[in-house]
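Thanks for coming, everyone. I'd like to walk through one model this morning. Have a look at it on the screen.

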Amino acid sequence: MGWRTLIITKPAKISIANDQLKYAPKDGEVITVPIDDISVIIVEVHQVTITSALMSRLTESNIVLFTCDKTHTPNGVFIPFHQHSRYTQVAHNQIAWSEPLKKRLWQKIVSQKIRNQAKTLEYMGKTKVKQLESYAKSVKSADSTNVESAAARLYFVELFGKFNRKNENDWRNSALNYGYALIRGAISRSLASHGFLPAFGLFHHSTLNAFNLSDDIIEPYRAFVDVVVAEQYENFIELPDTRFLPEHKVELYQLFTMNTVIDGVATTLLNSVEVCVTSLMNVTLEKDVQLLKLPVLVNNDG
């Protein structure tokens, strides 16, 4: 898998030539990038033409392609079709997930989410780390006692102080939503490429949401966004109502290359998504919850 994230911010045509992505802006120099170097492409403007040959090649190389809305926030991801050899088998087994299996998977996901939240607070020099770690150990099957909610209330107050997650004018919410959208897109693409139907979730089950399963798997990944946003907010943003500008996105573009550990192996966040989804496929085929592998937030300064 490649390592470069390409951000398309000007009207242009992007195509493929000699197995290289060819970026031809309306005004400016033509640039080529080896396909094998690319992991993610974010198309931020609407005046971009993409050839079908390039899109097909992106699918073959498992490169994530995002489109964005008028505010330059990701609102779509190019998803492959019938890429995995076990596509039909995985889809059938997913639909047949038993309730006990889903409940235990959700328990494991919520526990790891809270552990990563504890690591975020620890990295940011905050308190309440031990309390969150205790919460993580107390999560029951299906999170029947809703520990996730109690942990979230404690976590966001400790991380951001006075903070309303629903305030659309708060810089922190804009940054968090942008980062979550990037990771959600990468997860959705990986799920589809492994044969999963993203609409059918473990815990999330809205009939209006085509990506319920993505919204389950993203939970332990949210802390990676949180720590980047919290650090940027503390160091560079003076007021909560500061406008979220394109230059603020630069740090979030690095999310995919953040260090993480999954199944005891150090890797990048984007690679860990593949490991995580592959492990979910193994869970689905073998009906063994213990096969699920989830990312562990590590100190990226180390």
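How many Å separate the centres of domain 1 and domain 2, taken over C-alpha atoms? The answer is 26 Å. Keep in mind that this is a predicted model.

Let me set out the bounds. The domain assignment puts domain 1 at 4–78. Domain 2 is given as 87–297.

Now the interface. On the domain 1 side, 18 residues make contact, and they meet 13 residues of domain 2. The buried area between domain 1 and domain 2 is about 1200 Å². Carbon and sulfur atoms give 63% of that area. Which residues of domain 1 lose the most area to domain 2? They are N62, F66 and P74. Together these residues account for 31% of what the domain 1 side buries.

N62 comes up again in the backbone. It sits just after helix 1 and takes a positive phi of about 60°. Helix 1 itself covers residues 52–60. Its buried residues are L54, R57, L58 and T59. What do they pack against? The list has strand 2, strand 3, strand 5, strand 6, strand 7 and helix 6.

Next, the annotated site. The UniProt entry, which is unreviewed, lists E148, H204 and E219 under "binding site". These residues span 72 residues in sequence, yet no two of their C-alpha atoms are more than 13.7 Å apart, so they gather at one spot.

Take H204. You will find H204 in the loop between helix 6 (171–193) and helix 7 (212–217). Is H204 buried, exposed or partly exposed? Its relative accessibility is 24%, so H204 counts as partly exposed. The cut-offs behind that are under 20% for buried and over 50% for exposed. Leaving aside neighbours within four places in sequence, H204 contacts W106, N212, D215, D216 and E219. With D216 there is also a polar contact between side chains, at 2.6 Å.

Now E219. This residue is in the loop between helix 7 and helix 8. E219 has a relative accessible area of 5%, so it is buried. Not counting residues up to four places away in sequence, E219 touches W106, I109, K113, E148 and H204.

On to helix 8, residues 222–236. A quick check on its geometry. At 1.5 Å a residue, its 15 residues should span 21 Å, and the end C-alpha atoms are 21 Å apart, so the two agree. Which residues of helix 8 are buried? They are A223, F224, V225, D226, V227, V228, V229, A230, Q232 and Y233.

R153 is in helix 5, residues 147–160. At 55% relative accessibility, R153 counts as exposed. Its side chain makes a polar contact of 3.0 Å with the side chain of S149. A helix has 3.6 residues a turn, so residues three or four places apart point the same way. From R153 to F163 is 10 residues in sequence and 10 Å in space, C-alpha to C-alpha.

Last, S279 in helix 10, residues 269–286. S279 counts as buried, at 4% relative accessibility. Beyond neighbours within four places in sequence, S279 contacts L291, L292 and K293.

That's my tour. I'm happy to take questions.

Key: Residues are numbered from 1 along each chain as its sequence is written. This is a predicted model: local features need pLDDT of at least 70, side-chain atom pairs count only at pLDDT 80 or more; totals for chains, interfaces and linings use all residues. Side-chain values use heavy atoms; hydrogens and water are left out. Helices (H or I, at least four residues) and strands (E, at least two) are DSSP runs, numbered from the N terminus. The expected span of a helix is 1.5 Å times one less than its number of residues. Buried means under 20% relative accessible area, exposed over 50%, partly exposed in between (1.4 Å probe, protein chains only). UniProt positions are given in the numbering used here, feature names are shortened, and annotations may be inferred rather than shown by experiment. Contact means heavy atoms within 4.5 Å. A polar contact is a pair of N or O atoms within 3.5 Å; within protein, one must be able to donate a hydrogen and the other to accept it, and residues adjacent in sequence count only if both atoms are side-chain atoms. Domain bounds come from an automatic or database domain assignment. Buried area is the accessible area (1.4 Å probe) that two parts lose on being put together, summed over both.
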